[in-house]
Amino acid sequence: MRFSVIYLASLLLLPSLVASKQRDLTASSSPQSPPSHPIPAHGDVVRFQGDRGPHLGVVVGAQQHQGGNVNIAPFVSNRLRHSSEPIEVHINELVNTHPGNVARTPRPAQEQLASNLRWWHQVRPPTVDSAGAVRGSPNYQAYQAAQSRGGHGTRR
């Protein structure tokens with residue numbers, strides 16, 4: 001008797017298990033679309049829009065630890081020098097912005113500098129500011145496209 005009850009219950013559950021397994025297989029076989037723009041990584045040298053125009057900086061830390069945004073330590077000089085020259089940054093300042101608001105530069109990544117800054121900011125928390133979309137960034141390009149179509153977007 002017990003066997004027949006268990007057998008009947010398993011027959012009732014079997015179709016739902018098979019259907020859910022097929023749904024999982026079709027979901028995993030569909031290709032995931034890559035992000036429309038590469039997300040800046042720890043140490044990348046990027047351009048961002050500051051209060052007084054575009055600036056350069058180095059990305060500090062991982063994006064997932066900052067609510068989806070990136071932290072950037074601004075350069076002291078706003079010029080992109082030869083890659084062999086040392087970079088000077090404002091060690092007590094960070095700019096926090098959406099990754100789509102920044103534009104990458106051709107300068108090689110500065111992982112060691114970014115790691116040193118991350119350690120320093122744990123010891124001495126910096127002041128944090130925000131930034132808008134800089135010319136050449138994905139969000140700036142989307143804003144420009146919306147404006148050219150007659151849209152009313154806002155830019156920070």
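These legends describe close-up views of a predicted model.

Residues are numbered from 1 along each chain as its sequence is written, and side-chain values use heavy atoms, without hydrogens or water. Local features need pLDDT of at least 70 and side-chain atom pairs pLDDT 80 or more, while totals for chains, interfaces and linings use all residues.

View 1. Helices (H or I, at least four residues) and strands (E, at least two) are DSSP runs, numbered from the N terminus. From that end, the elements run α-β-β-β-β-β-α-β-α. Of the 156 residues, 30% are buried; buried means under 20% relative accessible area, exposed over 50%, and partly exposed in between (1.4 Å probe, protein chains only). Contact means heavy atoms within 4.5 Å. Among contacts between residues at least 6 apart in sequence, 64% join residues at least 24 apart. The chain exposes about 10,600 Å², and carbon and sulfur atoms supply 56% of that area (Shrake-Rupley method, 1.4 Å probe).

**View 2. Helix α2, residues 111–123.** This helix has 13 residues and spans 19 Å from first C-alpha to last. That is close to the 18 Å expected at 1.5 Å a residue, where the expected span is 1.5 Å times one less than the number of residues. A114, L117 and H121 are the buried residues of α2. Down the helix axis they fall within an arc of 60 degrees, so they line one face; the arc is taken from the directions from the axis to the C-beta atoms. The buried residues pack against β2 (53–60), β3 (70–74) and β4 (93–97). On the other side of α2, Q112, W119 and Q122 are exposed.

**View 3. The aromatic pair of W119 and W120.** A search of the whole structure finds 1 aromatic pair. Its ring centres lie 6.3 Å apart and its planes meet at 45 degrees, so the pair is tilted. Rings of Phe, Tyr and Trp (its six-membered ring) pair if their centres lie within 6.5 Å; planes under 30 degrees apart count as stacked, over 60 as edge-to-face and the rest as tilted. W119 is exposed, at 52% relative accessibility. W120 is partly exposed, at 26%.

**View 4. S137 in the loop between β6 and α3.** The loop joins β6 (127–130) to α3 (138–148). S137 is buried, with a relative accessible area of 0%. A polar atom of the S137 side chain lies 3.4 Å from the backbone oxygen of G100. Leaving aside neighbours within four places in sequence, S137 is in contact with G100, N101, V102 and A103.

Notes. Polar contact = N/O pair within 3.5 Å; in protein donor to acceptor, adjacent residues only side chain to side chain.
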